[in-house]
Amino acid sequence: MSDLQQQFDEALARLRRAGTDLQTVGVKAAQGGLPKTVCESVAAFTNASGGLLILGLDEAAAFQPVHVDAAKLAADLTSACADQLDPPIRADVGIV
């Protein structure tokens with residue numbers, strides 16, 4: 001199992017136990033594409049001690065996965081972090 005997969009599995013278990021986003025783990029369903037608030041979330045994590053933003057989970061449905069185009073979301077997130085944030089963020093984006 002990859003480190004990213006293990007990190008995701010542990011975060012998902014914590015989210016489900018808490019029933020809500022956590023200080024260092026946020027989720028967005030992102031079913032219709034990259035959410036407009038994603039840059040705010042990335043900036044908040046950057047200004048704190050970092051965090052994990054998971055796209056493709058629906059918090060309202062007990063953090064169940066939703067259908068997303070993972071490759072497009074990853075590319076759009078990378079672009080948004082580099083182009084829409086000042087200073088630009090070079091996010092570590094992965095797909096699990």
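I count a contact, or touch, as heavy atoms within 4.5 Å.

**Ground rules**

I noted that this is a predicted model, where local features need pLDDT of at least 70, side-chain atom pairs count only at pLDDT 80 or more, and totals for chains, interfaces and linings use all residues. Residues are numbered from 1 along each chain as its sequence is written, and side-chain values use heavy atoms, with hydrogens and water left out.

**Entry: the fold**

I started with the overall layout. The protein chain has 3 helices and 4 strands; helices (H or I, at least four residues) and strands (E, at least two) are DSSP runs, numbered from the N terminus. Reading along the sequence, I get the pattern α-β-α-β-β-β-α.

Next I looked up the dimensions. The C-alpha trace spans about 35 × 30 × 30 Å along its principal axes.

How much of the protein chain is buried? I found that buried residues make up 30% of the 96 residues. Here buried means under 20% relative accessible area, exposed means over 50%, and partly exposed lies in between (1.4 Å probe, protein chains only).

I also checked how far apart in sequence the contacts reach. Among contacts between residues at least 6 apart in sequence, 59% join residues at least 24 apart.

**Entry: surface and charges**

The protein chain exposes about 6,100 Å², and carbon and sulfur atoms supply 50% of that area. The areas come from the Shrake-Rupley method with a 1.4 Å probe; for residues, only the protein chains shown count as cover.

I then looked up the charges: there are 7 positive and 12 negative ones, and their mean positions are 3 Å apart. Lys and Arg count as positive and Asp and Glu as negative, while His and the chain ends are not counted. Each charge is placed at NZ of Lys, CZ of Arg, CG of Asp or CD of Glu.

**Entry: the salt bridge**

The structure holds 1 salt bridge, meaning a side-chain nitrogen of Lys or Arg within 4 Å of a carboxyl oxygen of Asp or Glu. Which residues form the salt bridge? Lys-72 pairs with Asp-76, and the closest N and O atoms are 2.8 Å apart. Both belong to helix α3 (residues 70-83), and because they are 4 residues apart there, about one helical turn separates them. Lys-72 is partly exposed at 47% relative accessible area, and Asp-76 is also partly exposed, at 27%.

I kept one general point in mind here. Most residues other than glycine have a negative phi, and most peptide bonds are trans.

The peptide bond from Asp-86 to Pro-87 is cis, with omega near 5°. I place Pro-87 in the segment after α3.

Ala-62 is not a glycine, yet its phi is positive at about 60°. Phe-63 has a positive phi as well, near 60°. Ala-62 lies in the loop between β3 (57-58) and β4 (64-65), and Phe-63 is in the loop between β3 and β4 too. Is Phe-63 buried or exposed? I find Phe-63 buried at 1% relative accessible area, whereas Ala-62 is partly exposed at 46%.

**Entry: residues around helix α2**

I looked up Pro-35 in the loop between β1 (25-28) and α2. Pro-35 is buried at 18% relative accessible area and touches Lys-28, Ala-30 and Leu-55, leaving out residues up to four places away in sequence. Pro-35 and Leu-77 are 42 residues apart along the chain, with 9.4 Å between their C-alpha atoms.

Ser-41 sits in helix α2 (residues 38-47) and is buried, with a relative accessible area of 18%. Not counting residues up to four places away in sequence, Ser-41 touches Lys-28 and Leu-53.

Val-42 is in helix α2 as well, and is buried at 12% relative accessibility. Which residues does Val-42 touch, not counting residues up to four places away in sequence? My list reads Leu-53, Leu-77, Cys-81, Leu-85 and Ile-89. For Val-42 and Cys-81, 39 residues apart along the chain, the C-alpha atoms are separated by 7.6 Å.

**Entry: a look at helix α1**

Asp-9 has its place in helix α1 (residues 3-18) and is partly exposed at 33% relative accessibility. Asp-9 and Ala-29 are 20 residues apart in sequence, and I noted 17 Å from C-alpha to C-alpha.
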